[in-house]
Amino acid sequence: MPPRIVTSRPRTLTKARCAAARRIPRLNQNYHSYEHDSSPAYTAEEDVILAAAIHHVPTHGFTSTALSSGIRDAGYPDVAANLFPDGVFSLVKYHLVTERLALSKNTPTAASPASGRVLDMVRHLTLQRLHANKPITHRWQEALAILAMPKHFAPSLYELALLSDEIHFLAGDKSVDTSWYTKRAGLSAIYASTELFMTQDKSPNFKETEDFFDRRLEAAQSLRRTVGDAGQWAGVQAMGIISALRSKGVRV
């Protein structure tokens, strides 16, 4: 495993100023898969500010107001906004990164699970990640609009790929052939469409979102059993990703 890197809060912050930020779990490293760099995603200052700002999202949305409130809550002057040249995209990305990394907190990686066990874990972890959006679901359309901006498209798509890879890694997937790519491409497409569906779901505890995800996952598994050619399968999944991105307003 990559070395674990621990960040700390600035010493000047008081307990009162960091009360909100403490409710966000401190995350030890940027990535858990062996395939990716584990360098820390944020400096200590960025971490504590964004952690505080996230608590203002349910009220103010993914806006500069939420970011400014987080800066004040963390005890920094307004000029600290210069730490985030990407503006509110930094707040959206922080949510994506922290919730992705939170998946590993209580999820021991399976040593050599059976294929059925891997699929069950993929389902469990994906739904866990989707439910992490519950407090800000009513604001997620704003986040999707920010992610769909041309200048944010590439890092947004990359973060989606990281999420898919992390889920398969934690589920114990040991693929070394072309299925390594097709599984992750497929899950990325399913996750993107399910996340969008969730923003319109009014059912108790997002039951309809879970049902939607299960249908898409089963359809993907059935298609994968039917389509034997890896190139054809990758093409099908690529079209799924394109359709999901178009539904978010991205012109592709």
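This is a predicted model: local features need pLDDT of at least 70, side-chain atom pairs count only at pLDDT 80 or more; totals for chains, interfaces and linings use all residues.
Student: How many helices and how many strands does the secondary structure of the protein chain come to?

Tutor: From the N terminus on, the elements run α-α-α-α-α-α-α-α-α-α-α. The secondary structure of the chain therefore has zero strands, and its helices come to 11.

Student: What percentage of the residues of the protein chain count as buried?

Tutor: A residue is buried when its relative accessible area is under 20%. The protein chain has 252 residues, and the share of them that count as buried is 49%.

Student: How many of the residues of H2 are buried?

Tutor: The buried residues of H2 include Ala44, Glu46, Asp47 and Val48. Ile49, Leu50 and Ile54 are also among them. Helix H2 is largely enclosed by the rest of the structure, because the buried residues among its 11 number 10.

Student: At what angle do the axes of helix H2 and helix H4 cross, and is H2 parallel or oblique to H4?

Tutor: Helix H2 covers residues 44–54 and helix H4 covers residues 64–73; their axes come within 7 Å and cross at roughly 120°. Angles of 65 to 115 degrees count as roughly perpendicular and those over 145 as roughly antiparallel. The angle of roughly 120° therefore makes H2, relative to H4, oblique.

Student: Which residues make the contact of H2 with H4, and how many of them are nonpolar?

Tutor: Helix H2 contributes Ile49, Leu50, Ala52 and Ala53. From H4 come Ala66, Leu67, Gly70, Ile71 and Asp73.

Student: How are H2 and H5 placed relative to each other, parallel or perpendicular?

Tutor: Helix H5 spans residues 88–102, and its axis lies 10 Å from that of H2. The two helices pack at an angle of about 90°. H2 and H5 are therefore, relative to each other, roughly perpendicular.

Student: Which residues of H5 make the contact with H2?

Tutor: On the H2 side, the contact is made by Asp47, Leu50, Ala51, Ala53 and Ile54. The residues of the contact divide into six nonpolar, two polar and one charged. On the H5 side, the residues are Ser90, Leu91, Tyr94 and His95.

Student: What is the handedness of the crossing of H8 and H9, left-handed or right-handed?

Tutor: Helix H8 covers residues 150–171 and helix H9 covers residues 179–198. Their axes come within 9 Å and cross at roughly 115°. Among the residues that meet are Leu160 and Phe169 in H8, and Trp180 and Tyr191 in H9. The crossing of H8 and H9 is right-handed.

Student: Is Asn205 buried or exposed, and is Phe206 buried or exposed?

Tutor: Asn205 is in the loop between H9 and helix H10 (207–226), and Phe206 is found in that loop too. Asn205 has a positive phi of about 55°, and phi of Phe206 is also positive, near 55°. Most residues other than glycine have a negative phi. With a relative accessible area of 51%, Asn205 is exposed, whereas Phe206, at 13%, is buried.

Terms used
Residues are numbered from 1 along each chain as its sequence is written. Side-chain values use heavy atoms; hydrogens and water are left out. Axes are lines fitted to C-alpha atoms, for helices over the stretch in contact, and angles run from 0 to 180 degrees between N-to-C directions. Helices (H or I, at least four residues) and strands (E, at least two) are DSSP runs, numbered from the N terminus. Angles under 35 degrees count as roughly parallel, over 145 as roughly antiparallel, 65 to 115 as roughly perpendicular and the rest as oblique. Contact means heavy atoms within 4.5 Å. Buried means under 20% relative accessible area, exposed over 50%, partly exposed in between (1.4 Å probe, protein chains only). Ala, Val, Leu, Ile, Met, Phe, Trp, Tyr, Cys and Pro count as nonpolar, Asp, Glu, Lys and Arg as charged, and the others, Gly among them, as polar. A crossing is left-handed if the near helix is turned anticlockwise from the far one by less than a right angle, and right-handed if clockwise.
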